[in-house]
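Me: I would like to go through a structure by question and answer. Please keep the terms defined as we go.

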Amino acid sequence: MIKFKDSINLALDHSLRSNNRLICFGLGVNDPSRFFETTKKLLEKYGENRVFETPTSENAMTGIGIGLAINNYPCVMMHQRLDFFLLAMDQLVNNAAKWHFMYGGKKSVPITIRLIIGKGWGQGPTHSQSLQSWFAHIPGLKVVMPSLPSNAYSLLIQSIKDPNPVIFIEHRWLHEISEKKINKKKIKIGDCQLLSKGKDLTVITYSLSTIEIMNLKKIINKSGINFDHIDLLSIKPIDYKSIKKSLLKTKNLLILDSISNPICSVGSEIISLISRDKDIKLKNTPSMLTLPDISTPTSFYYTKNYYISKKDIIREIMRLTNKQIKIIIDRDLHDVPNPKFKGPF
Amino acid sequence: MKKVSFSKLKKIYENSLKIRILEETISREYKKNKMRCPTHLSIGQEIVAASVGILSKKEDYFISYHRSHAHYLSKGGDIIKFIHELHGLSTGCSKGIGGSMHLIDLKKNFYGSTAVVSSSIPIGVGLALSKQLSKEAGVVFIFIGDASIEEGVFFEALNFVILKNLPVIFVCENNSFSVYTHLSKRQPRGRKIYKLVESFGIKSFFANQSETIKMINTINKVISFSKFSKKPAFIEIKNFRYLEHCGPNYDDNLNYRNNREISFWTKNDAVFILEKYLVKLDKTFNHKEFKDSFIKFVNRIFRKIYMNNKPNKINLKNFVYKKA
Ligand SMILES: Cc1ncc(C[n+]2csc(CCOP(=O)(O)OP(=O)(O)O)c2C)c(N)n1
Ligand SMILES: [Mg+2]
């Protein structure tokens with residue numbers, strides 16, 4: 001069994017080994033918790049010149065990464081919460097995304113930025129934001145969001161090899177997810193994966209929502225509902241070709257954008273794309289499940305109805321397919337990824 | 001400390017004269033509306049860049065901000081590509097995509113200039129870290145203005161430079177203004193920028209451009225300090241821009257600058273002071289031939305553009321991402 005967090009560690013290890021100019025840095029990379037255990041043993045193997053702690057200076061450190069990257073030192077920079085990286089928007093948007101463009105292609109910026117997003121256990125308003133659509137809006141950036149150990153492994157390696165800036169977003173709740181063995185098959189950035197096939201419905205997920213639907217697949221299938229499950233993996237570029245192909249077949253769409261606020265989200269972008277495509281005629285109006293347009297509260301009691309629950313998903317699938325699913329009793333607590341999780345963050 | 005030699009001074013003079021001629025030509029020709037981009041001219045401040053350009057080494061890198069023409073040119077940046085860039089031509093140094101505020105000439109180790117205040121500072125620091133890691137010779141000169149030190153990222157970057165002892169020389173041109181706003185409205189009275197910066201733990205220097213020869217020697221001292229001590233350094237240079245913040249004109253009719261200050265700096269024009277000094281040292285010193293031939297060279301570039309100013313077609317899409 002291999003966990004998501006170990007696959008990240010393996011991908012970093014592989015990348016540092018195969019490119020001796022690769023540099024990794026960020027707050028917590030060498031601390032006792034080793035960045036949620038994703039950077040363990042890297043310092044010991046590759047030394048402090050290549051794997052280092054930084055001052056709490058997110059903006060400057062991003063610029064420093066850009067400076068390294070344009071001078072042939074590709075970088076992986078990491079932030080324990082996406083929210084902290086918001087201090088670096090100038091360097092990301094004005095410099096990393098534009099350096100190749102604004103000097104007419106003279107230099108590109110091979111930098112990978114690992115951002116952790118979260119949910120539950122009181123993450124609250126400033127430790128939980130999933131802002132993938134912000135980054136996807138910027139020409140020059142790529143946005144990758146893996147869901148399982150195998151694709152995390154391959155996509156992190158591809159992101160690091162990419163000559164352009166890549167925002168690599170990991171959901172904290174995925175870190176403990178495991179697979180029997182990681183499949184090292186190369187996945188191209190921009191390709192989605194089709195995780196199941198069916199004619200009743202297309203369900204589009206990414207990151208944590210991929211797991212949310214996988215956990216429900218058995219009972220949904222048992223009720224005689226079969227669906228195409230598209231796991232996006234990459235938000236930008238987005239694999240519209242595969243989405244279209246599936247929709248031409250199922251004519252029925254649910255986007256599980258459950259970690260995101262609704263306005264200008266990944267889901268609303270997909271709906272915009274299909275509504276402008278004259279080939280696509282759906283049976284139902286397209287549906288997307290998102291968080292409300294409200295920041296995340298901290299309280300256990302307030303988050304209960306804030307997040308999308310299993311029930312919400314089942315209900316929406318019943319509505320879209322006009323079929324009954326035996327309602328399940330959900331005993332899981334809504335604010336932890338597994339019963340063992342005790343935070344603190 | 002050895003004084004800067006006559007031959008170096010002569011080169012600095014020629015370097016600043018070149019920059020002035022180019023900038024004055026741009027100022028004049030701008031009114032033809034062919035250079036359609038925000039342009040921050042360096043007239044009045046040329047000598048700082050000109051001196052650093054001559055006293056530094058080829059292997060040193062430059063990185064700069066919105067007012068970067070002088071820095072680009074003093075490092076030997078390609079003049080034709082520069083003027084083409086201002087005209088939005090695909091033959092420009094940034095293929096016409098960047099304009100006046102985004103210049104680059106990697107052959108000359110001019111690593112780029114960009115226009116969000118202080119944004120280029122950490123990139124210069126990253127370049128310095130790359131030099132340190134690869135044990136490559138030379139330092140990174142990071143050019144900044146007086147407003148640059150009002151941005152948080154300057155202090156973040158400074159902290160890191162000192163922490164890692166990176167090969168960086170900050171050159172802060174303090175012209176007292178951020179657009180129309182005087183230093184006194186932006187920073188506490190009595191603040192000395194170089195003293196503030198020094199208190200963080202970096203060797204800092206000060207020079208006044210009106211004491212031109214002394215300033216050149218101070219710049220030389222900073223460079224030697226950095227070379228022999230292998231430590232980062234900071235220098236603040238007091239100077240003054242002649243034209244408006246952005247654009248080709250004088251704007252002192254707006255009365256945002258003190259008349260005494262304006263006349264002090266125009267009377268103490270650094271290019272002039274250096275010229276007089278050179279003549280004093282060598283009666284035969286004469287730059288007329290150099291000047292005339294350079295003016296001819298510049299005029300020819302503009303004339304050629306006017307005769308044929310259609311850019312080659314480029315596909316912008318190809319520049320958004322580098323192909324993997
Ligand atoms: C972050 C940011 N804020 C505001 C501006 C607008 N702006 C452009 S130049 C400038 C003044 C900068 O002054 P200084 O650094 O002293 O350089 P100078 O123009 O005097 O050479 C300002 C405020 C900007 N480009 N970037
Ligand atoms: Mg200024």
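What follows is a set of questions on sheets, helices, a chain contact and a ligand.

Me: How are residues, chains and ligands labelled, and what kind of model is this?
Reply: Residues are numbered from 1 along each chain as its sequence is written, while chains are lettered from A and ligands numbered from 1 in the order in which they are written. Local features need pLDDT of at least 70, side-chain atom pairs count only at pLDDT 80 or more, and totals for chains, interfaces and linings use all residues, since this is a predicted model.

Me: Which strands stand at the edges of the seven-stranded open sheet of chain A?
Reply: Helices (H or I, at least four residues) and strands (E, at least two) are DSSP runs, numbered from the N terminus. Two strands pair if DSSP finds at least two bridges between them. The order in chain A is β3-β2-β4-β5-β7-β6-β12, with mixed pairing. Each edge strand has a single partner, so one side of it is left without a neighbour in the sheet; these strands are β3 (51–52) and β12 (234–236) of chain A.

Me: Which residue of β5(A) stands opposite His79(A)?
Reply: β4(A) runs parallel to β5(A), and five bridges join them. On its pairing with β2 (residues 23–26) of chain A, also parallel, there are four bridges. There, Cys24(A) has Val76(A) as its bridge partner. In β5(A), the residue opposite His79(A) is Leu115(A).

Me: What is the order of strands in the open sheet of chain B?
Reply: This sheet has six strands with parallel pairing. β2 (110–113) and β7 (203–208) of chain B have a single partner each, so one side of each is left without a neighbour in the sheet. Within the sheet, β1 (residues 61–64) and β3 (residues 140–145) of chain B pair over three bridges. The order is β2-β1-β3-β4-β8-β7.

Me: At roughly what angle do α1 (residues 6–29) and α11 (residues 288–307) of chain B cross?
Reply: Axes are lines fitted to C-alpha atoms, for helices over the stretch in contact, and angles run from 0 to 180 degrees between N-to-C directions. The two axes come within 10 Å. Residues in contact (C-beta atoms, placed from the backbone, within 7 Å) include Leu17(B) of α1(B) and Phe294(B) of α11(B). The crossing angle is roughly 40 degrees.

Me: Which element gives the largest share of the side of chain B that touches chain A?
Reply: The contact takes 31 residues from chain B and 30 residues from chain A. On the chain B side, the elements that give two or more residues are α5, α6 (152–164) and α12 (317–320). The largest share, nine residues, comes from α5(B).

Me: Which residues come nearest to ligand 1?
Reply: A residue is near a molecule or strand if its C-beta atom, placed from the backbone, lies within 6 Å of it. There are 14 residues around ligand 1, and those that come nearest are Arg67(B), Val117(B), Gly145(B), Ala147(B) and Ser178(B).

Conventions. Contact = placed C-beta atoms within 7 Å.
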